[in-house]
Amino acid sequence: VLEGSVRRRLVQRDEDRADEEGVHNAFVERVAARAQGLPLYVYLVLEDLRSGRLTPSDEAALPDGLLAYYDALLERAGISSVKRDLTLIVALLARASEPLDTEGLALLLSRQVDEAPERWRPRVEAAVRAGRSLLRGAPTREATHGLTLYHHSFREHVGRAPALADVVGEAERLLVRAADAWASLPPGPLRAHLFRAGTDYAA
């Protein structure tokens, strides 16, 4: 049940139409249409109205069905594979001493340095697209298209941000493990980088 100002604003949307019977409310009618008979959808709408995430004027923002509502909830909570992968990629680039290309990032994220990273390559590419404002292109020492963080001050911030301490630690562990196994990596910029700088990560 809605109370207070939210209830008043919803009632204010009521319209009497001379050529039709009954009262019409555009917000309520949109909720009914998109709920598709599912009470849980209505419950989620009520919770969002109570919390202020929705207002009775926001019918255009209502998700189209319960599954779309679930997707919106996941997005709102920041829950997705892309966001998880991007967070680790940012941490890896903050700790790597040189730019890394997508192939090298895929190898690092696979956590299996002796296997081809085919499954991870599209995930890295999706995360990079999502985080393009955080990253900038930079050539690797082997002249492939690499990535780094967009500014050294951001790199320093990521390295010491308390909210990222765990993921930065995970990135460091991935780099150390890859450096220990550099000889088993496929030929490429990551292997060459770890051959040059591996002792820095192991130190």
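These legends walk through a few close-up views of a predicted model. Residues are numbered from 1 along each chain as its sequence is written, and side-chain values use heavy atoms, leaving out hydrogens and water. Local features need pLDDT of at least 70 and side-chain atom pairs count only at pLDDT 80 or more, while totals for chains, interfaces and linings use all residues.

**View A. Y41 and Y69 form an edge-to-face pair.** The structure holds three aromatic pairs (rings of Phe, Tyr and Trp, the last by its six-membered ring, with centres within 6.5 Å; planes under 30 degrees apart are stacked, over 60 edge-to-face, the rest tilted). Here the ring centres of Y41 and Y69 are 5.1 Å apart and the planes stand at 80 degrees, so the pair is edge-to-face. Y41 belongs to helix α3 (residues 39-51) and Y69 to helix α4 (residues 66-76), so the pair ties together parts 28 residues apart in sequence. Helices (H or I, at least four residues) and strands (E, at least two) are DSSP runs, numbered from the N terminus. Both Y41 and Y69 are buried (under 20% relative accessible area; exposed is over 50%, partly exposed in between; 1.4 Å probe, protein chains only).

**View B. W182 and F195 make a tilted pair.** Their centres lie 5.1 Å apart, with 55 degrees between the planes. W182 sits in the loop between α9 (165-180) and α10 (189-202), and F195 in helix α10. W182 is partly exposed at 29% relative accessibility, whereas F195 is exposed at 58%.

**View C. Strands β3, β5 and β4 form an open sheet.** The order is β3-β5-β4, with antiparallel pairing (two strands pair if DSSP finds at least two bridges between them). At the edges are β3 (100-101) and β4 (135-139), each pairing on one side only. Five bridges join β4 to β5 (residues 145-149), and L135 has L149 in β5 as its bridge partner.
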